[in-house]
Amino acid sequence: MKILLRNANGMLTLLLGVVVFIFYAFFYANHLHFQEQLQLFQFTGPYFIEYISIPSGFTAFLSQFITQFFYLPWVGPVLMALLMVRLQLMVKWVAFRIKRNPNLEPFTFVPPLFLWALLCDENYMLGGLIALILTLQLVWVLTKISSSVVRIISTMIFIPITYWLAGGTAILMPLIMIVFELTRPTENRVSVWWIGAGYLILMLISPLIAKNYLVLLPSMQVFIGYGYYRYLIYLPFGILLLWALTFLVMLLYAFLPKSVMDGKKSLPFYISSLFLVWGGAAYLVAGSYNRIAEEVMTYDYFIRTKQWDKAVALAEKDVPANPLAVASLNLALSQKGLLGDKMFHFIQNGSEGLIPQFDRDYLLPMMVGEVYYYLGLTNTAQRFAFEGMEAIPDYQKSARCLKRLAETNLINGSYEVSRKYLLILQNTFFYKDWATETLAYLGDEDRINNHPEWGRIRKFRPKEDFLFDGNQLDMILGMLIQQEPTNRMAYEYLMGYCLLNKDLPHFMQYVDLGKEIGYKSMPISYQEAALYVWGLQSTDLSQTPFPVNNEVKKRMQTYAGIYTTREDAQMYLEKEFADTYWYYFHYRYKNIIKRNEEFRQMH
Amino acid sequence: MKQIIYYLLLLLLIIQSGCNRPSEIQKIDGMPPIYPDYTNITIPYNIAPLNFLLRNKPQSVEVSVKGKNTSFVVYGNEKIQFPERKWRSLLESEKGNDITVEVTVEKDGKWYRYAAFKWKVSIHKIDSYLSYRRIEPGYEVWNKIQICQRNLENFSEKVLADNNLTDGSCMNCHIYNQHQKDVSLFHLRGKKGGTILNRNGKLRKLNTKGVNSFAPAVYGAFHPSGRFGVFSQNTIIPEFHAYRSERLEVYDTASDLVILDFDNNSLNTSLLVSGDQTLETFPVFSADGKSVYYCAAPQLPLPDSIRSLRYSLMRIDFDEKSGKFGNKIDTILSANSLQQSVSFPRVSPNGRFLLFCVSDYGTFPIWHNETDLRMLDLKTGGVDSLKQVNAWYSDSYHSWSSESRWFVFASKRDNGIYGKPYFSYIDNNGVASKPFVLPQKDPAYYDYTLISFNIPELSKEGVSFGAMDVEDAYFNLPTDEMK
């Protein structure tokens with residue numbers, strides 16, 4: 001039985017690693033990329049000193065060190081698997097120091113499985129996991145000290161040290177050590193309680209001393225820690241629960257009577273524990289899995305890494321509905337020259353799905369800033385990148401944003417500012433090569449003008465100043481085209497803006513602005529819209545102000561026939577014409593305004 | 001054994017250092033590429049060490065510092081950090097004298113000596129403390145903001161207020177009365193915020209938005225007596241430029257002046273400096289406290305007419321007995337004549353000069369690259385363009401030292417975005433010297449920081465309150481309402 005248990009437990013540990021890897025590799029990969037972009041880990045002395053100067057700064061530093069590797073596809077899932085396995089093993093090894101009992105080993109999976117569910121929320125960060133591993137590691141070391149006097153003194157020394165390194169997670173040290181001492185054979189129980197009280201007082205005093213004499217931080221951060229949860233002003237209940245569950249496991253090992261699982265009861269107990277823990281975990285993880293967030297992050301990842309084809313392919317497989325994903329998709333379509341033709345093949349949410357309005361959030365400005373960047377509204381892209389970075393709730397800097405700021409300042413000719421950001425990016429592992437290459441561009445006007453991206457965006461920039469107003473996007477887009485008639489994206493966004501808002505009069509007014517774009521034929525959705533307008537004005541569509549495909553004319557005839565004659569037309573039209581502008585015009589964007597508001601509040 | 005190894009290592013270190021002494025030196029005519037630029041400046045004798053680095057990344061550097069009475073040599077790689085004790089005794093012994101600084105560098109195995117430059121040590125010390133706000137140069141969103149106080153004689157810095165402790169609230173404008181630590185104030189926004197008034201270390205929280213006011217106090221200054229403050233109340237609107245490297249435009253749709261009486265918790269105004277027709281802002285008392293200088297512009301349709309919005313420098317009398325504005329307004333500098341907009345007037349404590357900013361238009365000079373400082377001689381009426389002080393990019397927000405011999409201002413001369421405090425000396429003829437930046441212990445600090453320094457204010461002593469007191473004031477102090 002023992003051999004069976006040992007093998008089974010080993011397999012379970014392996015299983016944990018495998019399922020975590022699979023989860024992050026195939027279902028949640030972009031959550032890891034998302035985490036990586038919201039920090040700026042630098043290999044410099046001042047950066048390190050800044051972190052170790054605050055409680056839990058050390059584990060926050062370590063977690064950021066690890067998180068930077070999420071930049072690489074596949075590495076993130078491997079690291080997550082290794083960390084979860086490490087955590088489970090630490091829980092097990094510490095528990096075994098209390099009382100060796102292979103029957104209880106399924107319960108050692110509770111903390112990592114719970115944490116796995118917790119980390120499905122992108123605002124929980126790796127710091128909590130690292131802090132827990134470090135604390136348990138130190139506890140394990142303390143339990144290996146055989147002399148009780150040395151062990152007690154060492155524990156007293158290590159409690160404040162662990163607090164400084166790992167933050168509030170250090171509470172587990174005195175708690176577990178109390179349990180450990182209680183399970184040692186001793187005649188003097190009273191002294192254990194006194195020692196325990198001493199441990200807890202030390203644990204309480206440490207943050208109080210930190211708060212009053214050592215650091216200027218709010219109480220929440222001093223008592224709980226930094227690097228656990230992105231929103232520093234909220235109490236991360238999940239972390240408190242994680243600590244409680246970890247401690248509960250230790251209590252189980254210490255005090256659960258052996259009679260519950262001895263002899264014939266061993267196997268049923270083990271199996272039911274297994275089901276309880278893993279079944280509960282499956283339920284929790286499934287419930288915590290945020291498909292919409294992962295979708296948005298996936299689109300965002302494709303956009304910021306310029307993988308336009310992948311964004312379009314993803315949408316063709318599974319049509320996105322939320323505005324940020326749709327906005328990203330529309331950007332990808334525009335970069336592939338497909339926006340005019342294929343925009344209405346996907347669900348559109350009105351103009352909010354084209355260029356969402358600014359919000360004092362961190363994610364939305366970062367994503368929407370991409371649109372402004374490619375449009376040539378460099379200053380707006382710069383503002384969105386800056387504001388997005390400022391809005392990161394835990395005061396981190398963002399490598400992604402800093403990179404964009406270096407680019408926009410380079411395009412604008414503000415070379416000294418660009419240099420500042422590039423020098424900082426040179427302190428990172430994954431951005432330093434790009435920063436070094438880009439430094440060589442500074443001041444070299446010809447080189448920048450000939451750069452395929454920066455040169456193009458420079459050309460598209462406004463030629464005259466105006467004060468940006470997000471409520472007048474159509475005017476701004478129109479102005480961009482008039483100043484640079486080859487700015488295809490601005491033209492298609494203007495057309496898209498009018499079509500999505502069902503503003504056909506302005507669409508017809510602006511459609512001729514695209515004369516210099518160089519279309520072989522007008523994009524399909526523009527043909528559809530124009531034909532619709534002409535159709536309302538005249539029944540003779542043989543002569544149209546610009547060429548319209550015969551296919552489009554035929555489809556419109558069929559559409560019109562159904563639309564005008566059937567009361568239940570929508571049902572018929574949805575099957576064959578859902579990818580047309582006519583269908584959007586008649587049936588979509590009715591309740592979209594309300595849905596977008598709901599989404600914003602949810603987000 | 002361990003001791004032998006230790007002494008061997010020490011010997012190696014000494015030999016290594018000895019190997020890095022200059023030899024076969026080639027002379028270079030130009031100035032050394034040091035950062036910050038501390039070449040040929042006038043410095044107070046109580047300033048912290050002017051640590052610098054070499055931009056051309058040499059292998060070794062030797063810096064010789066020679067005064068009339070004291071000299072020493074410092075070695076480094078890329079960075080030069082002067083030992084503080086040696087530095088202090090150097091400046092003490094060289095008051096009124098010039099110090100010659102020679103930089104010799106080793107690059108690719110060869111030694112080069114640059115042309116020497118001078119540090120003129122003024123006999124006038126600078127006020128020992130500088131407070132400023134540390135904030136990122138953002139638009140509408142902010143994260144970390146701190147008001148800090150730096151000891152200019154060394155590198156120690158104390159945090160006076162940290163918005164991380166006050167619900168992330170905005171905070172600004174820490175100002176002193178007569179450069180004294182005992183009377184100062186700053187604005188702390190947010191749900192439980194107010195104007196935090198410091199009197200002898202005791203904090204009070206004031207609601208400076210009176211019953212009939214449309215906004216709380218923004219820009220302002222103390223009366224020399226410390227009893228009154230004159231402030232503007234502004235409705236501030238930010239807008240964003242779409243063109244090139246211009247970023248932010250901030251204007252007021254309404255602004256008036258008020259007098260706050262801190263003893264009686266009251267505020268009053270005058271029709272002459274309030275109302276819809278004119279925008280009044282940036283008030284400051286004269287050195288004798290008998291008048292108020294401020295900026296005013298006629299109300300225009302905004303933002304459409306923003307480029308026509310220009311402020312003139314005005315003065316109105318102030319009666320200390322009644323605590324009220326007087327009846328007479330003078331135009332000191334007309335925007336129409338200048339064809340520029342005036343902002344931030346600041347009178348020197350001796351009443352002789354008035355420093356102000358000029359920009360092409362508007363009322364937010366910090367984000368106008370063309371903003372420069374000017375100095376009005378209140379005796380002669382002449383305006384000094386301060387060519388030796390101004391640089392490319394915004395030079396703004398200035399304050400005087402208590403002896404009127406130094407002024408500090410916020411300059412974005414390095415890159416147009418990140419502001420730093422710069423100091424300039426006024427000699428006996430009223431001529432300003434080439435400014436120098438606030439020294440940092442690590443001379444590379446300004447390269448890697450993403451923080452801007454703004455609203456620099458000098459004081460003779462450090463204030464006694466700190467960030468924890470402000471946190472307590474924010475959450476627990478009751479708010480005094482102004483009648």
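**Getting to know chains A and B**

Q: Starting in chain B, which residue of S34(B) is the bridge partner of Arg133(B)?
A: That's Asn454(B). Bear in mind that what you're looking at is a predicted model.

Q: Okay. And what is the bridge partner of Arg133(B) in S12(B)?
A: In S12(B), Arg133(B) is partnered with Ile147(B).

Q: How many bridges join S11(B) to S12(B), and do they run parallel or antiparallel?
A: There are 6 bridges, and the two strands run antiparallel. S12 covers residues 146-151 of chain B.

Q: What about S11(B) and S34(B), how do those pair?
A: S11(B) pairs with S34(B), residues 452-459, in the antiparallel sense, over 6 bridges.

Q: How many of the residues of S11(B) are buried?
A: 6 of the 7 are buried, so to speak of the strand as a whole, S11 (residues 129-135 of chain B) is mostly covered.

Q: Let's switch to Ser411(B). Where is it?
A: Ser411(B) sits in strand S31 of chain B, which spans residues 406-411.

Q: Is Ser411(B) buried or exposed?
A: Ser411(B) counts as buried because its relative accessible area is 1%, and the cut-off for buried is under 20%.

Q: Which side chains does the Ser411(B) side chain make polar contacts with?
A: One is the side chain of Asp395(B), at 2.5 Å. Another is the side chain of Arg413(B), at 2.7 Å.

Q: And which residues does Ser411(B) touch, not counting those up to four places away in sequence?
A: Ser394(B) and Asp395(B) are on the list, along with Tyr418(B), Gly419(B), Lys420(B) and Tyr422(B).

Q: How many bridges join S2(B) to S4(B)?
A: 2 bridges, with the strands running antiparallel; S4 is residues 52-54 of chain B. In one pairing, Tyr35(B) has Leu53(B) in S4(B) as its bridge partner.

Q: Over to chain A. How many helices and strands does it have?
A: Chain A has 32 helices and 0 strands.

Q: What are the dimensions of the box its C-alpha atoms fill?
A: Roughly 105 × 60 × 35 Å along the principal axes, for chain A.

Q: What share of chain A's residues is buried?
A: 57% of the 603 residues are buried. The accessible surface of chain A comes to about 25,300 Å², and carbon and sulfur atoms account for 61% of that.

Q: What about charges, how far apart are the mean positions in chain A?
A: For the 52 positive and 49 negative charges of chain A, the mean positions are 11 Å apart.

Q: Which residues is Tyr559(A) in contact with, leaving aside neighbours within four places in sequence?
A: Leu573(A), Phe577(A), Thr580(A), Trp582(A), Tyr583(A), His586(A) and Tyr587(A). Separately, the C-alpha atoms of Tyr559(A) and Ala569(A) are separated by 9.2 Å, and those two residues are 10 apart along the chain.

How values were computed:
Residues are numbered from 1 along each chain as its sequence is written. Chains are lettered from A and ligands numbered from 1 in the order in which they are written. This is a predicted model: local features need pLDDT of at least 70, side-chain atom pairs count only at pLDDT 80 or more; totals for chains, interfaces and linings use all residues. Side-chain values use heavy atoms; hydrogens and water are left out. Helices (H or I, at least four residues) and strands (E, at least two) are DSSP runs, numbered from the N terminus. Buried means under 20% relative accessible area, exposed over 50%, partly exposed in between (1.4 Å probe, protein chains only). Accessible areas come from the Shrake-Rupley method with a 1.4 Å probe; for residues, only the protein chains shown count as cover. Lys and Arg count as positive and Asp and Glu as negative; His and the chain ends are not counted. The place of a charge is taken as NZ of Lys, CZ of Arg, CG of Asp or CD of Glu. Two strands pair if DSSP finds at least two bridges between them. A polar contact is a pair of N or O atoms within 3.5 Å; within protein, one must be able to donate a hydrogen and the other to accept it, and residues adjacent in sequence count only if both atoms are side-chain atoms. Contact means heavy atoms within 4.5 Å.
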